[in-house]
Amino acid sequence: MSAPSIADDLSRWATTEPDRVALIVGEKAVSFGELDGLTDRLAAGLREHGVQRGDRVGIMLPNGVDAVVAIEGTLRAGAAIMPINPTAKHERVTDLMQRSEAAALLCDKERAGEVAEAMSAVGEVPWFSDLDQVSSDVPAPTETPDEADLAALMHTSGSTGGPKGVMHCHGGLSFVTDSIIEYLEISPDDRVLNLLPLSFGYGLTHLLFCLRSGATLVLEPGVGLPGKIVKLLEGQEITGLPGVPTVFQVLLTLRGLAERPLPHLRFLTNAGAALPTPAIEEVRRTFPNATLYSMYGQTECIRTCYLPPDQLDTRPDSVGVPIPGSDTWIEDDEGNEVGPGMVGELIVRGPHVMQGYWRNPGATAQRVREGRHPGERVLASNDLFRTDEEGYLYFIGRRDDIIKSRGEKVPPREVEEVLHLDPAVHEAAVVGVPDRLLGEAVHAHVSAREGQELEPAALKRLCAEHLEDYMVPQKIVVHDELPRNQNNKVDRLALAAGGE
Amino acid sequence: MTEAATDIRTDMRSFLEENFLYMHPGVELKDGDDFLALGIIDSLGFVELVEEVQSRFELTIDDIEITEENFGSIDAIAQFVAAKQAS
């Protein structure tokens, strides 16, 4: 028998333990029974508004009860979620809705202005800034999506060609959720504080594994004022805190945190980008009772590997072993498997490998390939790794020029295109620079057309008008001329190394 | 309002203008306005803001003091700093 579908997890707990707390947002606790009722009403309403099995539904909501209901209601309607970063601007929303040919969009009142502008360019697709507008009391659809049904279309950035829609089916998401539950040893007694956006693959996994295991998800729209996080860790008796390096680095700035006993906190997870080894040590000193899991993943397979915590002392810079039920190996440029110490591309095999990129067979063929055995599908990660003698994995670097800031991907070209919207910009080069809090900071280097002036603050505002928050450069440097390399191209390496 | 509290407000306003408000030319920040609700400061911004308050007013600030009640607005900071200085 196949694993139960992630679309059934909520209703299963709602049937057996309806009063059990599923979700806590601020002062509000929502039981599995209540959440199930809200989900039913939204699923029924989406069907009434024409959403069919296999359709995509855009979801542009900050972490909160509505975001959870939108995700679960969409899945229950048999459709696939298409998360949109809640700070996205209208051009991006239009682009994603058009690319995915989505059947509806769910947002909130705060985003209604941006979404209205986006949807006027999309055409006849219904959108709602209040879930009550769409929810209905007619009976919800009862058929369960099967393993091969599309569950999520999650967009990821590449160096070129705009965002790509990663397709995950129910079977793949169910597999990765079970695998995470296994290695993090999640039980119904866990209380997980999720500050990461549910629109982000890593954030979404916490909702999925809590609903599946009966654990309680404490949801916050971000770190915000970090004192609140400390109060939640204590007051809500949090057992698990997932973060990206930025979250941990912010917490490490807090005075007095290391002296708090936090007896309930049993695990921390880091993904999105690596924590430097000194920061790992500092995190362990600050949370001495909690076990830290260093993990690596990408949208194309959600999670790839994790370091078993008993290995943290021996190999703190490793990201460990493949998640349970999957396999990885490293290949050279000719596709031959390489041994310990040799750097090559990480290859991933398992049911969590994406179905491919939405309507993009060319890009799909580059990343989803036949494996070592006939009929096997594997994911070429496009990331460089090596293993040690015992087979533990080490991330070496990316093959593309994507910047990882706050754990999210920033394609330099997209930022440069926005800078060029200012006609006074002659040249623009955006690079990533190591940063304690951000992992990498986004720095933009620009030069002006002859006779024109550029003002960094105005360019930063221009970026903020068109880009998601995490893509806006922290620093903009105006040059008379950008430095050139031997090939007479803009010398990005020099700029990244601090060339002003 | 005490003279000290007025000074704290003025100091904070100039710091905020220099570091955050220039990104939001349409926002006219009032002393009671909520930084988070207006979206002018995120978690990283609060780290900078707390560092600034610590160094400018020579205070040590504990983890759980960094809340909306104490850092959520110019008024909140002025009251918090004045109370810390008096203690």
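Here is a tour that starts with whole chains and ends at single residues.

This is a predicted model: local features need pLDDT of at least 70, side-chain atom pairs count only at pLDDT 80 or more, and totals for chains, interfaces and linings use all residues. Residues are numbered from 1 along each chain as its sequence is written, while chains are lettered from A and ligands numbered from 1 in the order in which they are written.

**Stop 1: chain A**

Select chain A and switch to a cartoon view. You'll find 15 helices and 26 strands; helices (H or I, at least four residues) and strands (E, at least two) are DSSP runs, numbered from the N terminus. The radius of gyration of chain A is 23 Å, close to the 23 Å that the globule rule gives for 500 residues, so chain A is as compact as a globular protein of that length. That radius is taken over C-alpha atoms, and the rule is 2.2 Å times the number of residues to the power 0.38. Along the principal axes, the C-alpha atoms of chain A fill a box of roughly 70 × 55 × 55 Å.

Of the 500 residues in chain A, 51% are buried. A residue is buried if 20 or more other C-beta atoms lie within 10 Å of its own, exposed if 12 or fewer, and partly exposed in between, with C-beta atoms placed from the backbone.

**Stop 2: the cores**

Now pick out A:V57, A:I59, A:L105 and A:L106. They have the most contacts inside the largest nonpolar core, which has 154 residues. A nonpolar core here is a set of buried Ala, Val, Leu, Ile, Met, Phe, Trp, Tyr and Cys residues joined through C-beta atoms within 7 Å. Zoom in on A:V57: leaving aside neighbours within four places in sequence, its contacts include A:L46, A:I81, A:M82 and A:L106. Two residues are in contact if their C-beta atoms, placed from the backbone, lie within 7 Å. Apart from that core lies another, of 23 residues, with A:V410, A:A428, A:M471 and A:V472 among them.

**Stop 3: some paired strands**

Select residues 291–296 of chain A, which form strand β13. Five of the six residues are buried, so β13(A) is largely enclosed by the rest of the structure. Strands pair if DSSP finds at least two bridges between them. Look for A:L268, whose bridge partner in β13(A) is A:L292.

Next, show β16 (residues 327–331) and β17 (residues 344–349) of chain A, an antiparallel pair with five bridges. Here A:E331 stands opposite A:E345 in β17(A). β17(A) also pairs with β20 (residues 377–387) of chain A, again antiparallel over five bridges. There, A:I347 stands opposite A:A380 in β20(A).

**Stop 4: two residues in chain A**

Is A:H443 buried or exposed? With 22 C-beta neighbours inside 10 Å, A:H443 counts as buried. You'll find A:H443 in strand β25 (residues 439–448) of chain A. A:G432 is eleven residues away along the chain, yet its C-alpha atom and that of A:H443 are separated by 6.2 Å.

Then jump to A:R406, in the loop between β22 (403–405) and β23 (408–410) of chain A. A:R406 isn't a glycine, but it has a positive phi of about 55°. With 25 C-beta neighbours inside 10 Å, A:R406 counts as buried.

**Stop 5: chain B**

Select chain B, which has five helices and zero strands. The radius of gyration of chain B is 12 Å, close to the 12 Å that the globule rule gives for 87 residues, so chain B is as compact as a globular protein of that length. Buried residues make up 29% of those 87.

Colour α5(B), where B:I74, B:I77, B:A78, B:F80 and B:V81 are buried. Then find B:E58, in the loop between α3 (43–57) and α4 (68–71) of chain B. B:E58 has a positive phi, near 50°, and is a residue other than glycine. With 9 C-beta neighbours inside 10 Å, B:E58 counts as exposed.

**Stop 6: where the chains meet**

Show both chains together. 20 residues of chain A are in contact with 20 residues of chain B. On the chain A side, α9 (226–235) and α14 (456–466) each supply at least two residues, and α9(A) gives the most, with five.
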